[in-house]
Amino acid sequence: MIHYLMIEELEQCEDKKDFNYLSFMKKYHLRTVADEVMVIAEYQNLINH
C-alpha cells in the first residue's frame, strides 16, 4: 500500500528531493515507527531507480 501511495505522491513533486516523509505520514495517518521505517525505505528505493 505504501509503495503505491508513495509513487502517487512523488509524481506530484516537482523535485523528489523536496519530499517530506513526515507530511506524507501525517496525510495518510501513519503513526508507528514501523510505518516510518517503511516510508523511508520505500522513498529511498523509488528515488534510486
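Lys and Arg count as positive and Asp and Glu as negative, while His and the chain ends are not counted. The place of a charge is taken as NZ of Lys, CZ of Arg, CG of Asp or CD of Glu. On this basis, the mean positions of the 5 positive and 9 negative charges of the chain lie 5 Å apart.

The model is predicted: local features need pLDDT of at least 70, side-chain atom pairs count only at pLDDT 80 or more, and totals for chains, interfaces and linings use all residues. Residues are numbered from 1 along each chain as its sequence is written, and side-chain values use heavy atoms, with hydrogens and water left out.

The chain has three helices and zero strands, in the order α-α-α from the N terminus. Helices (H or I, at least four residues) and strands (E, at least two) are DSSP runs, numbered from the N terminus.

Of the 49 residues, 27% are buried, meaning under 20% relative accessible area with a 1.4 Å probe, protein chains only. A nonpolar core is a set of buried Ala, Val, Leu, Ile, Met, Phe, Trp, Tyr and Cys residues joined through side-chain atoms within 4.5 Å. The largest one has ten residues, among them Ile2, Met6, Phe19 and Tyr43.

The most comes from α1, with four residues.

Leaving aside neighbours within four places in sequence, Met6 is in contact (heavy atoms within 4.5 Å) with Phe19, Phe24, Val39, Glu42, Tyr43 and Leu46.

Terms used. Buried < 20%, exposed > 50% of the residue type's maximum accessible area, 1.4 Å probe, protein only.
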